[in-house]
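Biologist: I would like a close look at one part of this model, the charged side chains, and at what surrounds them. Please keep it plain.

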Amino acid sequence: EVVPLEITEVPSGKQVFDWAVPDEWSIEDAFIEHESGRRFADLRDSNLHVVGYSMPLEVTLTLAELQPHLHSLPEYPDWIPFRTSFYSPSWGFCLADRERRSLPEGRYRVVIRSRIGPGSLTLAQHVHRGTSDEEVIIFAHDCHPSLANDNLSGLVVAIHLAAFLAQQSTRYTYRFVFAPATIGSITWLAMNE
């Protein structure tokens, strides 16, 4: 632990302004398997392959039936996009467009072993007290998997700035907040008006 964090768990369903904290989602496995046995969009290869908050599912589909549930970026044929579906029951897979275009005709077994149910949203904060109660808030989000330039870089800079300030005497109080996505920001603001 670089600096001590105060952790707050906010239960699913809690009203925060005009939003509600969503149910918690967890996933064990997900893949698309062609009738030949070849797998595509396997969660074990990349956690970006499954659309976040995908419902649990085990079904067999034709390629035509599967296509509406596949997401890719034709302008970046080797990138796996990130997608999520917090508030609408859905499912899907993300894969490189080059791989999507190479999917053979046939039948596909689609498996998503996930759970969506009551849980909590986790907020974390660290406060460095200054000589004044006037605060500077530094907010870092920690919501998307495998996105170093969008999530991890902000978290790392914030936590190391907190560690640096812990060794300093400052005029202002510095509050470091770590929360997931827009809902994390809204939840923290609702609890700290």
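Is arginine 101 buried or exposed?

Modeller: Arginine 101 is exposed, with a relative accessible area of 57%. The cut-offs are under 20% for buried and over 50% for exposed, with partly exposed in between (1.4 Å probe, protein chains only). This is a predicted model, in which local features need pLDDT of at least 70 and side-chain atom pairs count only at pLDDT 80 or more, while totals for chains, interfaces and linings use all residues. Residues are numbered from 1 along each chain as its sequence is written, and side-chain values use heavy atoms, with hydrogens and water left out.

The side chain of arginine 101 meets that of aspartate 97 in a salt bridge, 2.7 Å from N to O. A salt bridge here is a side-chain nitrogen of Lys or Arg within 4 Å of a carboxyl oxygen of Asp or Glu. Because the two residues are four apart in helix H2 (residues 97-101), about one helical turn separates them.

Other charged pairs reach across the sequence. Arginine 175 forms a salt bridge with glutamate 135, and their closest N and O atoms are 2.7 Å apart. This pair links distant parts of the chain, since arginine 175 lies in strand E12 (residues 173-179) and glutamate 135 in strand E11, 40 residues away. Arginine 175 is buried, at 13%, while glutamate 135 is partly exposed at 33%. Beyond such pairs, salt bridges with shared partners join Glu33, Arg39, Asp42, Glu58 and Arg109 into one network.

The salt-bridge count comes to ten. One of them runs between aspartate 29 and arginine 113, whose closest N and O atoms are 3.3 Å apart. Aspartate 29 is buried, with a relative accessible area of 6%; arginine 113 is partly exposed, at 36%.

Strands E4 and E9 belong to an open sheet of four strands, in the order E5-E4-E9-E6, with antiparallel pairing. Its edge strands, each pairing on one side only, are E5 (39-40) and E6 (57-62). Two strands count as paired if DSSP finds at least two bridges between them. E6 and E9 (residues 107-117) pair in the antiparallel sense over six bridges. Threonine 60 stands opposite arginine 109 in E9, and Arg109 is one of the residues in the salt-bridge network.

The loop between E5 and E6 holds tyrosine 53. Tyrosine 53 has a positive phi of about 70 degrees, although it is not a glycine. Most residues other than glycine have a negative phi. Tyrosine 53 counts as buried, at 12% relative accessibility. Alanine 181 also has a positive phi, of about 50 degrees, without being a glycine. Alanine 181 lies in helix H4 (residues 181-191) and is buried at 14%.

The loop between strand E10 (120-128) and strand E11 (135-141) contains serine 132. Serine 132 is buried, with a relative accessible area of 15%. Its side chain reaches the backbone nitrogen of glutamate 134 at 2.9 Å. Leaving aside neighbours within four places in sequence, serine 132 is in contact (heavy atoms within 4.5 Å) with Arg171, Tyr172 and Thr173.

For contrast with the charged groups, Trp19, Phe86 and Tyr87 make a nonpolar surface patch of about 280 Å². Patches are made of residues with over 30% relative accessible area and no salt bridge; like charges are joined within 9 Å, and nonpolar side chains (Val, Leu, Ile, Met, Phe, Trp, Tyr) within 5 Å. Accessible areas come from the Shrake-Rupley method with a 1.4 Å probe, and for residues only the protein chains shown count as cover. Tryptophan 19 lies in strand E3 (residues 19-20) and is partly exposed at 31% relative accessibility.

Note on methods: A polar contact is a pair of N or O atoms within 3.5 Å; within protein, one must be able to donate a hydrogen and the other to accept it, and residues adjacent in sequence count only if both atoms are side-chain atoms.
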